[in-house]
Amino acid sequence: MAWSVALACASAGEPTEVFRPGLAPDPDAAATIARRLYPAATLTETGDTVLDFALWPYEDELFVGAFDRALLLCDRRLFCLDDDARRIADTAAAALPGSHCGVLVLHNVIRSCWFRWYESGVLLRDVYVTAEDGVVVDQGERLPAEGPFWRAVDEGAPDVPLPFDPEEFGLALAEQYMFGRGIADRGKDGFLPLELPVRRFRHA
């Protein structure tokens, strides 16, 4: 399956404990986060949907899921990988005190993955890889789940073209660190990350 994703996901606690059936969103907290991200914009709330629909928003859209111990943020501007994208990622990572936050950006045409990992708002890992250009950014200590992907490069293989699939890389990190399960995997408890509720905003 080819994914396009522009997602930040923070949790205060182990993801397998935080993400569970029956999570109740807080629309007021979601609106506060949206205004923090775009203080100069006119924001219009346009209803609720689920993460599956929100993963790759239109350019004038923002999706926020605010919960007691978790935060979801979908914003296509993350795909730009510029200062504004880093501002959005940093804001999401700092919004929930004491949380861990992963930022995942995948594109199904460019075949790339950008992943950032924060603990208590501090950026610890920043990696960007593309199928054609190999390793573009590789900063911070690698996360344990990355090990199998980097093995060939560490053993001397060239990184151009990239010897692993960027999408598989990103989804593996999301499974391990962001949700505690595959983003499209329904657990025995009935919970499926793609069904998480989020609030939809348009900004101008």
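Visitor: What makes the residues that line the largest pocket a lining?
Guide: Each has an atom within 4 Å of a pocket point. Ser11, Gly13, Glu14, Pro15, Thr16, His100, Trp117, Glu119, Gln176, Tyr177 and Gly180 meet that test. This is a predicted model: local features need pLDDT of at least 70, side-chain atom pairs count only at pLDDT 80 or more, and totals for chains, interfaces and linings use all residues. Residues are numbered from 1 along each chain as its sequence is written, and side-chain values use heavy atoms, leaving out hydrogens and water.

Visitor: Which elements give two or more residues to this lining?
Guide: Helix 1 (15-18), strand 6 and helix 6. Helices (H or I, at least four residues) and strands (E, at least two) are DSSP runs, numbered from the N terminus.

Visitor: How many lining residues are charged?
Guide: Two, beside three nonpolar and six polar. Asp, Glu, Lys and Arg count as charged, so Glu14 and Glu119 qualify.

Visitor: Why are strand 2 and strand 8 said to stand at the edges?
Guide: Strands pair if DSSP finds at least two bridges between them. The order is 2-9-3-4-1-5-6-7-8 in an open, antiparallel sheet of nine strands. Strand 2 (43-50) and strand 8 (134-140) each have a single partner, so one side of each lacks a neighbour in the sheet.

Visitor: How do you know that strand 2 pairs with strand 9?
Guide: Six bridges join strand 2 to strand 9 (residues 197-203). The cut-off is at least two, so they pair. Aspartate 48 stands opposite arginine 199 in strand 9.

Conventions
On a 1 Å grid over the protein atoms alone, a cavity is a set of points where a 1.4 Å probe fits but cannot get out, and a pocket is an open set with protein on both sides within 12 Å along at least five of seven lines; lining residues have an atom within 4 Å of a point.
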